[in-house]
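Open the model in your viewer and keep the selection tool ready. We will go stop by stop.

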Amino acid sequence: MIPMEQRVCGRTGRSVSVVGLGTWQLGADWGDVREEDAIAVLDAAVEAGVTFFDTADVYGDGRSEQLIGRYLKERPDADVLVATKMGRRADQVPESYVLDNFRAWADRSRANLGTDVLDLVQLHCPPTSVYSSDEVFDALDTLVAEERIAAYGVSVETCAEALTAIARPGTASVQIILNAFRTKPLEAVLPAAAEAGVAVIARVPLASGLLAGRYTSETVFAADDHRTYNRHGEAFDQGETFSGVDFATGVEAAAEFSALAAADSTPARTALRWIIQQPGVTSVIPGARSPEQARANAAAAADPALPPHVLDAIADLYDRRVRTQVHHRW
């Protein structure tokens, strides 16, 4: 296995690779992925130095968790911290976020992953009021005391939700959308997390693939791909798809972004490198549907830091093309 830079994952006290692996695509919502292909992606990521997997109990109705559990049982030498998420298996009302449900969801994830204690459990973009509920965080503390979970965090949609969660003394991590087309977290969330000792996990790092520079205005996605059925927030928060950027605008902006990549790099690696070097980021979790993608994503960890003129160009691109669409909403 290739060594990769490790950073402390907040209040978990454990270290994780700066490039992790998001596994939504191994479960569902990105088109079909065969089991053998999913296992090959996990293996390629580990061999490339990844020590952090992110999943959720609703990815493929548990399929993603089950595949990870099966893989890690076969690879006991792989020292991987697995973060899962819970909360989306119930109606999205605050009343669903209670201890009995937490226990049931955690126990299901423990069975799926084949582990007695879950490394890190994140609330999965719950209703905003949940972040302000003492009872919710008392229940999470109970799961820790019962040794069902080792630590807990949150996955959020907005910067305001992130700041509310960071203020909670037991929050180990905050997962938030952060990429060159979604920069608002840099203003307050990352500094607050760093001061509190809370990990920042950057999700949707390629803006659902836009920043890889492979799409055109004519690109068509499968019917069961969220990039088809959730472009306007029909199924869940619009920010999860293309970071909330209109597809046509995103394609044009991505073409400009691609031109900023160094000759010996790629737009995707440039996008990941931009995130890695933001102060306060713990790990970035791109998805991968092939071993080649997993290895290419991991390679960004060893790339040199982007020079100031590239950082300035990325900031200018965001201000000109993207800010008005996303900055005020999230």
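Predicted model: local features only at pLDDT ≥ 70, side-chain atom pairs only at ≥ 80, totals over all residues.

Residues are numbered from 1 along each chain as its sequence is written, and side-chain values use heavy atoms, with hydrogens and water left out.

**Stop 1: helix α3.** Select residues 63–74. Helices (H or I, at least four residues) and strands (E, at least two) are DSSP runs, numbered from the N terminus. Colour Ser-64, Glu-65, Leu-67, Ile-68, Gly-69 and Tyr-71: they are buried. Buried means under 20% relative accessible area, exposed over 50%, partly exposed in between (1.4 Å probe, protein chains only). Now show what they pack against, including α2 and α4 (99–113). Contact here means heavy atoms within 4.5 Å.

**Stop 2: helix α11.** Select residues 291–299. Pro-291, Ala-294, Asn-297 and Ala-298 are buried.

**Stop 3: salt bridges.** Each is a side-chain nitrogen of Lys or Arg within 4 Å of a carboxyl oxygen of Asp or Glu. The whole structure has 28. Select Asp-61 and Arg-89: their closest N and O atoms are 2.9 Å apart. Asp-61 is in the loop between β4 and α3 and Arg-89 in the loop between β5 and α4, so the pair ties together parts 28 residues apart in sequence.

Notes:
Expected span 1.5 Å × (residues − 1).
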